[in-house]
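Here are my notes for your review. Please read them with the model open.

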Amino acid sequence: MRLRTASEVAVAWPTRYEVAQSWAGTGLNNPVSRFPPHERARADAAVFGREGGMATVVMKFGGTSVANVERIRNAAQHVKREVDAGNQVAVVVSAMSGATNQLVAWVREASLLHDAREYDAVVASGEQVTAGLTAIVLQSMGISARSWQGWQVPIKTNNAHGSARIAGIEAGEIKQRVAAGEVAVVTGFQGIEPERNRIATLGRGGSDTSAVALAIALEADVCDIYTDVDGVYTTDPRIVPKARRLPKVSYEEMLEMASLGSKVLQTRSVELAMVYRMRTRVLSSFMDPTAIEPVSGESWQDIGTIVCDEEEIVESQVVSGIAYAKDEAKVTILKVADKPGVAARIFGPLAEANINVDMIVQNVTPDGKSTDMTFTVQASELPRALEVLKGAKADIGYFDVKSSDDVVKISVIGIGMRSHAGVAALMFQALAEKGINIHAITTSEIKISVLIDAAYAELAVRTLHTLYGLDKD
Ligand code: ADP
Ligand code: ASP
Ligand code: MG
């Protein structure tokens, strides 16, 4: 094995939890404001790290953007535009749309209970195909290109197979080659767990995270995420045709939108972008590749949506987006004793079983002696949660457990909520007027979420979209 130069030293980044720990008690509510000035400089659109206005760009193409060889040729035209402009380019590709679903289905067909390492060996293969094809197409266009699988880079992960986290990237060799003008085409969604030397995947939608992580490791000027919509919208444009594209959205709002159900970016990609101030742009690969200005051109930022610092957003609204998540399930524990320690006896065993609990509501029952406890978990974890509660029945002491996955969580998000009161009251009133019952509520500084019956999801999203003035004219 050859020795590594200083620039090849792995970038190891903290988890959001570690970041949160490091600023707890500092009195600051914005973790990233504590990052050093040179990190912030990168967010300045006018500043490019290289001489002559040349930029380093990571271009990520999602499943629909590489759905077949024709689409790959189109993606390659986008790459060509950047190369021709003198930019240094690394590409991250997803599997062809539908490919990962097919691979997951085969694994399940082989055995419902399966080894997570072998699941990863199978589902990571979709990206291997598109990376190789993209490199071949680029080469056929006279562009110097080479494909890289996660293990070849290497992109190192932890051992949580199926939803692994990136622990660091040793991007030294790619960095040198990209600087020398070769396009690196890297498989998204996958890395290698070094202890057992096994392929690990990053969870569904994980190519976004691969792209942002690679952009950080390469110290890129921007991470461009090419998808099938031309930016981040006020809500999913497939549900609300009146949704508007946001020219800019802050890291914090995007993080809430992603984690509350807007799947346009994987949540972890936004976490990384926020912590490392990696300017990230969402744009459509379906636009004419020649009609887009290359990065570092005068008005390149007018296309798509830029995820950036909140200080950069001049015209901000109180509410900037609405998200919905259909993958939660509601659990109600009937008649638990209303005394100290009960919540710990319920949520302790769930935490031990690694089941995340999201919303929690407690109601006193009419007799005043006991309470009903309602909370939500990921729908996929409902069977396990019910098992755990059954096992802990004697210890908790309750009458019965009811559950339903016919619910949806609707969230309104906006940094403007910090300085505007009454956003929640307006929301509750509007939902009440439509006869929509709220089962649970959670809030943070910049978001309010409500749990309602799934049947009302679209009505609620549309109502709130109009209510907060988000409809396009
Ligand atoms: P890719 O395959 O390129 O990664 P995804 O399907 O993962 O694409 O993400 C793009 C999709 O995200 C869009 O087609 C859109 O339906 C959905 N989406 C959800 N919420 C939003 C939003 N607020 N803005 C834009 N797209 C959204
Ligand atoms: N191909 C993977 C998936 O479908 C990763 C991605 O597309 O981001 O989840
Ligand atoms: Mg995606």
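This is a predicted model: local features need pLDDT of at least 70, side-chain atom pairs count only at pLDDT 80 or more; totals for chains, interfaces and linings use all residues.

1. Local features are taken only where pLDDT is at least 70. Side-chain atom pairs count only at pLDDT 80 or more.

2. Core. Start with the largest nonpolar core, which has 123 residues. Val-58, Val-91 and Leu-214 have the most contacts inside it. Helix 8 (residues 207-217) supplies the largest share of this core, 7 residues. Where does the core lie relative to domain 1 and domain 2? It lies between them, because both domain 1 (6-229 + 264-314) and domain 2 (316-473) give residues to it.

3. Leu-214. Look at this residue's contacts, leaving aside neighbours within four places in sequence. Leu-214 then touches Val-58, Ala-90, Val-92, Ile-169, Ala-171 and Val-186. Val-58, one of these partners, is also listed with Leu-214 among the core residues with the most contacts.

4. Strand 12. This strand spans residues 305-308. Thr-305 and Val-307 point one way, Ile-306 and Cys-308 the other. All four are buried. In a regular strand, side chains alternate between the two faces of the sheet.

5. Partners of strand 12. Strand 10 (residues 248-250) runs parallel to strand 12 and is joined to it by 3 bridges. Ser-250 has Cys-308 as its bridge partner. Strand 11 (residues 280-284) runs antiparallel to strand 12, again with 3 bridges. Here Thr-280 has Val-307 as its bridge partner.

6. Arg-196. Is this residue buried or exposed? Arg-196 counts as exposed, because it has 10 C-beta neighbours inside 10 Å and the cut-off for exposed is 12 or fewer. Its place is the loop between strand 7 (190-193) and strand 8 (198-201). Arg-117 is 79 residues away from Arg-196 in sequence. In space, the C-alpha to C-alpha distance between the two is 9.9 Å.

7. Ligand 1. How many residues surround it? There are 19, and the closest are Gly-62, Thr-227, Tyr-233, Asp-236 and Ser-262. The shell divides into 5 nonpolar, 10 polar and 4 charged residues.

8. Ligand 2. This ligand is surrounded by 13 residues. The closest are Ser-94, Thr-100, Phe-189, Arg-204 and Ser-207. The shell comprises 2 nonpolar, 9 polar and 2 charged residues. Ser-207 also falls in the residue range of helix 8 (residues 207-217).

Definitions and conventions:
Residues are numbered from 1 along each chain as its sequence is written. Chains are lettered from A and ligands numbered from 1 in the order in which they are written. A residue is near a molecule or strand if its C-beta atom, placed from the backbone, lies within 6 Å of it. Ala, Val, Leu, Ile, Met, Phe, Trp, Tyr, Cys and Pro count as nonpolar, Asp, Glu, Lys and Arg as charged, and the others, Gly among them, as polar. Helices (H or I, at least four residues) and strands (E, at least two) are DSSP runs, numbered from the N terminus. A residue is buried if 20 or more other C-beta atoms lie within 10 Å of its own, exposed if 12 or fewer, and partly exposed in between; C-beta atoms are placed from the backbone. A nonpolar core is a set of buried Ala, Val, Leu, Ile, Met, Phe, Trp, Tyr and Cys residues joined through C-beta atoms within 7 Å. Domain bounds come from an automatic or database domain assignment. Two residues are in contact if their C-beta atoms, placed from the backbone, lie within 7 Å. Two strands pair if DSSP finds at least two bridges between them.
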